[in-house]
Amino acid sequence: MAQSDTSRGLETYIDTGSPGLGLLDFAFGDDPDNPSDINRDTELTARGVTSSIGEQTTNSSQEAIGQSNALTGSTSLSDTATANTGLQTQTGTQGVGAFTGQTGLGGSGYDPITGQFTGQLAQPYQQNVNQALAASTQGYGALTGQDFNGTMGQRYNALEALQEQDRLQAQMNMEDRLYSQGRLGSTGGALQQNALLDAIAQQQMGNANSAFGQAMAQRQQFGDQAMQFGQAALQPQQLSIQQLQAMGALAPQVSQNQVATNNLSEFTGVQDTTGFQDTSTSNIVNASSNTLSEQLAQEALAKNETIRSV
Amino acid sequence: MARPLVPLEIMAPGVLGLNKQGGDGILPVGWATKAVNMVFNSVGRLASRKGTRDRVLEANKFSGTVTVGHEYIDAANTKTIIYVDDTAIYEESGSGINDLTNSMNVVPYKFVNFNGWCVGHHPSVVPIVATTSGGNFSAGGGTQYNGDDVLAAWGRLWVLDASINTLYYSDLLINNFTGGSSGSFDLAKYWPNGMDAAIAIAEWNDYLVVFGRKSIIIYENPDDPNVSMAIADIIEGIGCIARDSVQQVGSDLVFLSGSGVKSLGRVIREKSLPQRDISKNVRDYVASLSTSTETIKSLYSEDERFYLLSFKDAGVVMCFDMAQRLEDGSYRATEWTMTVTDMLVLQDRTSVIITSDGTNSETQNYTGYLDHVLYDGSGGTTYDIDYEGVWNDFGQDIGHREKILKSVTTLIGGTNGDTATVKWAVDYTDDFDTVGITFPKINKAAAGIKRPMTKSGEVVKIGLSSTIYGTEKTLKRFNVMAKLGRYV
């Protein structure tokens, strides 16, 4: 009964904390009252995700401390060295096994032996990632494959085509005007025509600059799109990493609490839920929970020694 | 019963000038069918022209033919006359001439004064320039264009290259045709009726006039050729056939066209009277003289009020009295027998006539009443005047009756002792009977001299010829008396 309360308290904590931590439900199993169920899930998951060293460690612990060792092993989820060390120190040879988490986003795992996090996105997310990566790749491909000069030339030609008729008309009007004035073929007329040609040349230069700017903008657009797709593809992984980090931070606490709780429930029947009262001060609670867990663990060890001696 | 005498009085004979277009028709008595070596004097009567006097000593006469005479006025307002004959370019200096050729080509340049320089252009040689009076000619610097005609106006030189139908203008105040504000106009694009050949250019009432052979282009704002100079008008069907026939006459521009002497009127904008036919009554005759247009020269004298147009090959100078325009728009004309190679009017208004006998040339002032008077005033040769009136029928009432000529009374202005010959012919046949008259011994008095006449006919023509030897002769009146005969 005490275990059930403890597990529910943890569940409450998890539910009110980061949504990503909801995956711990999977680690602890659906029924917190059934330690075997927790073990079973852990073992099943560990087989699929982490090495068998965790299992060996768990088995050693079971041999050493009996039925509760299995709980200890199953709750050693911390990814912090101190936590593991503390636990291992406290539990002797009973090691902390690899663990995995599963959410709607996908599965994540941590192997404390190798210190590696592993993650596998759920299929829809993975498809999205693949699509985004493909789009990003396509975008970058388009960027690298883009004929900048060709694009600029196309823009330039388009602008020129728009203005060409006006220019021709302006030139013809000037010729008409010069001819009506008798200035066509004269130096003064040529000066005027040259001025018009200069203006046209300036316009063409402006068109060239505009085409260059448009080509550059298109290039920038391709780059931005590729980057956006790339970022979109990375976003689930970022979330996964955040989950893993969260898991890593939370694992030792959960592990210690579980060990302590098991010990209490097994050897004293006293439940201490101090560490799970205030979710807003989790660090402080965790700290006190760790201290309590250590005390309980020491008491449990002492009892075990007493039992052995008896 | 004796039949009465009828008079035929011809007041101011030939006062309307030559009329060679009327043919044998009956014309008003004021017309003349011949007026040789005559002009219209200050009171408008037909009179003998003046003679000529050499400007240089006999020993300094030009060998060959002087084709060009030009008064050069340099920046210091020093004036001298430049001549070009067959061998050299000369400058008149006192009674002599100096050779300024300086190894330049000797061709009949067209000279103009430009910014203190004397610039000469010719279609086939490099332009030449003299920068001061008395200085030798040298090749023009910078870019130069050979030209069929050259004009100095609006601070620029304007050169007409007929071979490519282009009008060039120099930089401002520099005879250089590149750089600065120099440039050109393409005339070929603007000739009406497709194409024409440029002949001459002239300044006229602040317009630049380009004469083609059959058309005229008039530019406005030539003071700013690069910006605002533009065609103001184009006249079709009339052009200029002789470059040196163009003269400014008051506000008009007179030139020889293929159909006679014309003038541009001032009302160019209204186009109501773009040109006037000056030689309307001698058109065909003038056209018949225009065989070699290169040797046609002209002159306009404000003092003498005439426009002279010389035809060297024909040995004729047409004289148009510009003092008064006739009702038909033409000007009174006479003709001179003189082989003129060039003419010019100096700044002091002296008219200079350059003549050639084929061997030597003379440069002479238009003065006196003897030709070829020497430099010192001695010598000189006489010349003849010749007048013939029109056919007269003595009026409509008796026009178809025979006139039996009885006498002629001649009133002529002249000098005592002068002689003249009165002549007459009848019925459209130039078979003249003549009678000589000698002026009575009165000094420059009009003399009424009566002489008997012969012949009879329906129409009668009266004339007079005389030799001018030092004094002017003026035709004032003929009074013919005749008896009426049968109807014809």
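Predicted model: local features only at pLDDT ≥ 70, side-chain atom pairs only at ≥ 80, totals over all residues.
Residues are numbered from 1 along each chain as its sequence is written, chains are lettered from A and ligands numbered from 1 in the order written, and side-chain values use heavy atoms, without hydrogens and water.

**View 1. The loop of Leu172(B).** Leu172(B) sits in the loop between β19 (166-169) and β20 (183-186) of chain B. Strands here are DSSP runs (E, at least two residues), as helices are (H or I, at least four), numbered from the N terminus.

**View 2. An aromatic pair in chain A.** Phe148(A) and Phe212(A) have ring centres 5.5 Å apart and planes at 90°, so the pair is edge-to-face. Rings of Phe, Tyr and Trp (its six-membered ring) pair with centres within 6.5 Å; planes under 30 degrees apart are stacked, over 60 edge-to-face, the rest tilted. Phe148(A) lies in helix α8 (residues 148-181) and Phe212(A) in helix α9 (residues 187-268), 64 residues apart. Phe148(A) is buried at 14% relative accessibility. Phe212(A) is partly exposed at 40%.

**View 3. An aromatic pair in chain B.** Tyr307(B) and Phe320(B) form a tilted pair, 6.2 Å centre to centre with 35° between the planes. Tyr307(B) is buried, with a relative accessible area of 0%. Phe320(B) is buried, with a relative accessible area of 0%.

Notes:
Buried < 20%, exposed > 50% of the residue type's maximum accessible area, 1.4 Å probe, protein only.
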